[in-house]
Amino acid sequence: MELFWILLFSSVCPLAWGQGVYAPANAQIVHSGAACNVKDDNISERIYTIKEGDTLVLQCIVKGHPRPQVRWTKTAGSASDKFQETSIYNETLRIEGIQRVQGGRYYCKADNGVGVAAIKSIRVDVQYLDTPVLTVHQTISDVRGSYYQEKTVFLRCTVNSNPPARFIWKRGNTLIEQSKDNGVDIYEPLYTQGETKVLKLKNLRPKDFADYTCQVSVRNVCNIEDKSVTFRLTNATTPPMIRLSVNDTVVVDPGQDVLLTCEVTSGFPPPTVTWSRYPGPLPLSAQVRGPTLILRAVTPADAGFYNCSAVNNVGNPARKNANLVVRTMSNLTFQITPDSNKDSETIQMGRDLKLSCHVDATPQDKVNYTWYKNGAPVFNSDSLILLRSDPDMAPGTSSLEIVDMKFRDLATYSCVANFPGSRVPELRVDVNISQSSVSPPMLSVPPGGQVVSVREGGNAELVCLVVDGKPRPPVLWSRMEKDLLMPSGATMVETPDGRLRLKNVSRDMMGLYRCQTAPYNGLNIKRREAQVQLNVQYPPILDPVFQDMRSRNYQMVTLTCTVLRSNPPRLTDIRWFRNGDLIRMPMPDLKETPELKFKLEPNNNGSYECRVSNNAGTSTCTFNVSAQPYNAEFYFDTPNPVRILKGNNYSYNLQWTQRDPEATDRIIGYWINVRKNKQSLLSKQIDLKGKEPEKGVLMSYTISDLRIPLSYEVRLAPITTYSTGDYISRIIQYSEPYTYPRSSDHVCGFEDERICGFSQDRSDIFDWTRQNHLTQNPKRSANTGPETDRSGTKEGYYMYIEASRPRVPGDRARLLSPLYNVTSVRGPKGSGRVPYCVSFYYHMKGKHIGTLNVLLRVRSIASVDSVVWTKSGQQGPDWKKAFFDISPSGPFQIVFEGIRGPSFEGDIAIDDVFITIGKCKQENTVASAVLIGGSRSLPLASWLTFGLSCILSLLHR
């Protein structure tokens, strides 16, 4: 009879209508990776503890309609939003091999455009333990004047860890305890935070010369094993000392080989020698052979500080460094400075004149400058003064001052720069000084060159010529705006011919450019300046670039394409296209905003383009104009959508809303398609029977004959009189449906293979086993586990955990009850929660019994587990009863967790589980009837009530 009513009303009510369901996003973060622990601290912040190198998996479980979009961000550890190869826009954030620097607070932001976005966070605490480092320090101090000296040794053990490590000191294999040995002190330096421990050996005794072990531990958190380091202390233990084979600074020519040897002069244990370089790593061509570093055919790129370190963990490391300088010389320039005291810009007889010479060199202070006059060396005299380093010029500049210039001083002067004794080629510059060879420069921009126009992406040349003056200096270019850099990234660019060439010009290069004469390779006088305007032309910038427009057929549609910016601003052409074909219409006014008006009909749906042109190019506004309806919006928060049917089948209550149903023609139905492995299992049209969808109002359709526990792809598309919308897709999955505990429910004695809807937790280590006396293993452990079920019959079943091999201590097995729904009932007056009584029998016999926990798992946005009952150790040979009250805040499950004890005599069993509404009674009598297979009998009145409600809803429609 029950089956008759189920089939009747499922056929009468396949499509039902709901209420407005648009709701803002709600979110909660849960983990499913290799977490060591998830807890709440004293400020109610969720903390996820994970071992370094494990996989971090965080899920942002969201609710809200439409389906919220998720984005992950992170602070307190890295400013980057890149989480390896995992997209930060997924609901699941996965980081393989997490590192300590990736710890911090992770934020999940869920937004669906309704109300305020939901933001949740969780702090990820990465646990790690490095190998400790043990160093030895020795001191010798006078005691009581000069009678004797006390030698004290400090063994310093340092480690990086999270959480802070615990330290254990051993001499040989014997634990060192400060309270039992007056010759030692163990303390923590004040300036450390639990990462260093010092073992002080006072006034060394013969027994103090031994092997010392520092063992560090984080108390097996995240299964991180202890680590240790051992040092052998002898009377020969000494810190390292080294000596370099070269001076502190080594200056060489390019192409030379360099050998640096770091000789160890003392130290026991024998020190380890390493070489490094600053800045940067050792050159790729470098060869390290023991204490010797070999650099072959050095180049200027090999220059830097080379550091030798010798370490034997006694005292401080010995360090020496050598500065390798590779000689370079380039860019020799000159300056002609007229008499600065007379504010002169030309050469005049009877006045002073300065010639300056500068070369860019390394090392700068080793450059030798030699001056020549008409090929003959110049020496200091009353009229010619040589300055090795001119204080009025840039460092490393040599000058020749000509005092009270005479006709005899008119000549060709040469400046030669070189490194004495070096193979680096010398550089030479000649300066002809005569009344006709030196004159002030003049800077000029060619006619028409004050403004240079170029199309974006093209090449441009800005020209600023030195049209007069001897010698002619180079031209320096810069931006007029102080904060703007040149396209190369430099503040100033030198051009020998005054032509600044720019490639692939972009609009951010547009603006004023300054050109000016350089103060070198010519007269050192007031700079001549000019300006050139770069005008970058680009096609019009339009809004919108793309717009999706929906409308009912036979209504007027207006398309507007707004010109935001354009260079040049004058438009040359505006044209409209439909599906690539030109729309013939009168030429629009180029000064007005482009606009197109037309009546939408079934034959003129499509893609419309507005192409707007100027002299620089053409840009396009694209409009997708259609009477096609918007997509449906799947509703993911349907409570209890699954119903179990006969024959291992189930049905699914699919729900959705329609986005903007009034925007297009009336929606008359939907196409629904159900697929498995891309093969269509169902394809049909859902008829709305004249009722139009309303914004935010749920629609439902029941999909039947789905196989437990398979998942399916469901595709849905709206239908109007003239067109069909696009399909949207989602996956529907089988899940255990809610049940409704009532006072008439019976006890679950696990007498049927379906065990009353209980299930094994897939995330545990092993499973509970269903067994009775007849199915027991004859070779089972005799001193643990029950002989029969709670009723004492050989045929009665119970659930138990087997503690024998391959189980190990700490292994967990979890048994999950069906999911119970509490939303259909209310608590006592004044209370928002309904009390429930949970009772069961347990059997815990055996000397190796572990722990039996009962957890309450409450389903909200995510599942939250809490221990509500626990028992550990042997409880005797008899079945014992337990009962307790719960008041869950939402749909819930009861979880039985068995934890294996230290050895094999630790079987734990449960039987006769009873969950009912109301608080437990002290003398709670368990009914003898047993619930078979988890199926619960609904009273006929319940089915009649449900059927009547469906019929009334149909009549109302």
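**Surface, cores and strand pairing in a predicted model**

Residues are numbered from 1 along each chain as its sequence is written, and side-chain values use heavy atoms, with hydrogens and water left out.

The protein contains two helices and 72 strands, taken as DSSP runs (helices H or I, at least four residues; strands E, at least two) and numbered from the N terminus. Of its 957 residues, 45% count as buried, that is, under 20% relative accessible area, with exposed meaning over 50% and partly exposed in between (1.4 Å probe, protein chains only). Among contacts (heavy atoms within 4.5 Å) between residues at least 6 apart in sequence, 70% join residues at least 24 apart.

The largest nonpolar core has 34 residues, and those with the most contacts inside it are F840 and F896; such a core is a set of buried Ala, Val, Leu, Ile, Met, Phe, Trp, Tyr and Cys residues joined through side-chain atoms within 4.5 Å. At least two residues of this core are supplied by each of several strands, among them β64 (798-801), β68 (851-859) and β72 (908-917), while the largest share, five residues, comes from β67. Beyond its neighbours within four places in sequence, F840 is in contact with residues including L852, W869, F884, F896 and I910. A second, separate core of 30 residues includes M329, I402, C415 and F419.

Strand β26 (residues 318-326) is joined by four bridges to β20 (residues 249-252), the two running parallel, and V250 stands opposite L324 in β26. Seven bridges join β25 (residues 304-311) to β26 in an antiparallel arrangement, in which S309 stands opposite R319; strands pair if DSSP finds at least two bridges between them. β25 and β26 form a hairpin with six residues between them, and N313 in the turn has a positive phi of about 65 degrees.

N162, in strand β12 (residues 161-162), is buried, with a relative accessible area of 18%. Its side chain is joined to that of D125 by a polar contact of 2.7 Å, a polar contact being a pair of N or O atoms within 3.5 Å, of which, within protein, one must be able to donate a hydrogen and the other to accept it, residues adjacent in sequence counting only if both atoms are side-chain atoms. Not counting residues up to four places away in sequence, N162 touches D125, V126, Q127 and Y128.

Note on methods: Predicted model: local features only at pLDDT ≥ 70, side-chain atom pairs only at ≥ 80, totals over all residues.
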